[in-house]
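Subject: A structure for you to look at

Hi there,

Here is the structure I promised to pass on. Please open it next to this email and look up each part as you read.

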Amino acid sequence: MTPVTVAAILGWCILLSFFALSAGLFLLGVDRKFAAHMQARIGPPIRQPFIDVAKLLQKENVVPANAIPWLFSLAPIIALASSIVVLFYLPVGSIFPVLGTYGDLVLVMYLLTVPALAMVAGGFASGSPYATVGAQREMVTMIAYEFPLAIVVVGVAWRLGAAGLAAPFTLGTMAANPIWTLVGPLGLIGALLLLLVLAFVTPAELSRIPFDTQEAETELAGGLLVEYSGRNLAMFYLAQGVKTLVLSAVIVAIFFPWNLSAFIAMSPWIALPADLLFFLVKAILVMFFAVTLVRVGMARFRINQVVSIYWIYLSVIGIAGLLLLMADASIPVLAGVGI
Amino acid sequence: MKLNSAFNRSLWVYHFNSGSCNGCEIEIVATITPRYDPERFGIKLVGSPRHADVMLVTGPVVHKMKDRLLRVYSQMPDPKLVMCIGACGISGGVFYDSYNLDGPVDEVIPVDVYVPGCPPRPEAIVHGVVTALAKLERLQGVKA
């Protein structure tokens, strides 16, 4: 790699980080506005999360006496940084992922656990019983949702591989070949089931209702974040926004990778912002159905219910989807038609 | 303390019961219903004093709660406001001569806004918040 390409990649990364922070906060604002309208309220202005962060940054930053100071202050930085890094591997609009040649969807899956692990470390380092209970619940939730998430990733990639595409796990391949265009009727149902599973994993990743047992305002008084204030809390708030954007981008990248510029002929300078706007619209729609609608319509599950929902119900649905995708690929071969 | 206008458009509220009869609590919950919707001004209830900008104190301060009130108050990060909701917190109310009292709230921690009533109506609590915002703006005007 020449120094020029390194500088170009770094420049893109910085630009993309600013985009991730502002778009993430924007998504949180849209989420609160939608939720308010569904409850017959006017709701906060869409820029409310920006105001909240500006306020948190001017508050005092308290480190509790019985916390482990370096880990307590390091956790929010790791959470924010790692959630931004995930976006470097995901396609945003028609922008090819900056580090897309260095990692694929499996890496994204691993990176998605890092912010949660940072929150667990921060919770244990807080030295508060509420935060400790919250950290334990967060770990249980992580163990619960990883399996259905892995089924979705493997299922989609396997179907792409069965269709004869090279490197099915890379996001470039997924973006170029939407799963819906490859499958027959059986696979269509399978892919829909996998989409449903991924949509149900999203609230747990973001620790939103109905899977927010680890932050449970009413029982744990904020759970993991109970001792955080000021700048550290602002960083967790930003990480929450970026994670919302990243999870929407993952669903968009796997299941809805279409771009506006592929349908309508545009000059490159219009195509880039148009695709970016179209990506934001898709992200808002995904977030509305996977997060906002669910959190307004449902109450919180108990932690033992969370585990059985992911390990039993959603895993069965996911495996059914996987089997349907496999049947979709193999039945034409067995019957001697197609291919 | 330097404050800018982001502070008074994003007040996070923590509620502390220092010995109230639960009348004021019911009215506070009524205040955050969709009918009044304080979230449109950025106001939201939080569960931890570490996240809070405003503490709502209801009820007179009983012996057992004095230490707790002082500890929770010192756990809130600066800058912070205290709103005293209801007649009991202002004067002791019907419990004014009780053997069990350490006095009204402002003998224990500094109070910024008083909301009288037994219990105060939600409109009164909203007016109390507006008074708190006016006080913040006055402070910012002095500092700026």
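Predicted model: local features only at pLDDT ≥ 70, side-chain atom pairs only at ≥ 80, totals over all residues.

Residues are numbered from 1 along each chain as its sequence is written, and chains are lettered from A and ligands numbered from 1 in the order in which they are written.

The sheet of chain B

Strands (E, at least two residues) and helices (H or I, at least four) are DSSP runs, numbered from the N terminus. Two strands pair if DSSP finds at least two bridges between them.

Now walk along the pairs. β1(B) and β2(B) run parallel and are joined by two bridges; here B:Val13 stands opposite B:Leu45 in β2(B). Further on, β3 (residues 54–58) of chain B pairs with β4(B) in the parallel sense over five bridges, and B:Leu56 stands opposite B:Met83 in β4(B). Between β4(B) and β5(B) there are three bridges, again in the parallel sense, and the bridge partner of B:Cys84 in β5(B) is B:Tyr114.

Is β4(B) enclosed or open? Five of its five residues are buried, so β4(B) is largely enclosed by the rest of the structure. A residue is buried if 20 or more other C-beta atoms lie within 10 Å of its own, exposed if 12 or fewer, and partly exposed in between, with C-beta atoms placed from the backbone. B:Leu81, B:Met83 and B:Ile85 point one way from β4(B), whereas B:Val82 and B:Cys84 point the other way.

β3(B), α3(B) and β4(B) make a right-handed β-α-β unit; right-handed means that, with the strands pointing away from the viewer, the path from the first strand over the helix to the second runs clockwise.

Some backbone details

Which peptide bonds are cis? One is the bond from B:Asp78 to B:Pro79, with omega near -10°; B:Pro79 lies in the loop between α3 (63–75) and β4 (81–85) of chain B. Another cis peptide bond joins B:Cys118 and B:Pro119, with omega about -10°, and B:Pro119 lies in the loop between β5 (113–115) and α5 (122–143) of chain B.

Two residues have a positive phi although they are not glycines: A:Ser207, at about 45°, and B:Asn22, at about 80°. A:Ser207 is in the loop between α8 (185–205) and α9 (217–220) of chain A, and counts as buried with 23 C-beta neighbours inside 10 Å. B:Asn22 is in the loop between β1 (12–17) and α2 (23–31) of chain B, and is exposed, with 11 other C-beta atoms within 10 Å.

Two helices of chain A

Two packed helices are described by the angle between their axes and the distance between the axes. In chain A, α10 (residues 230–255) and α11 (residues 268–297) pack at an angle of about 100°, with their axes 9 Å apart. Axes are lines fitted to C-alpha atoms, for helices over the stretch in contact, and angles run from 0 to 180 degrees between N-to-C directions. α10(A) and α11(A) are therefore roughly perpendicular to each other; angles of 65 to 115 degrees count as that, under 35 as roughly parallel, over 145 as roughly antiparallel and the rest as oblique. Residues in this contact include A:Leu245 and A:Val252 of α10(A) and A:Phe279 and A:Val286 of α11(A). Two residues are in contact if their C-beta atoms, placed from the backbone, lie within 7 Å.

Happy exploring!
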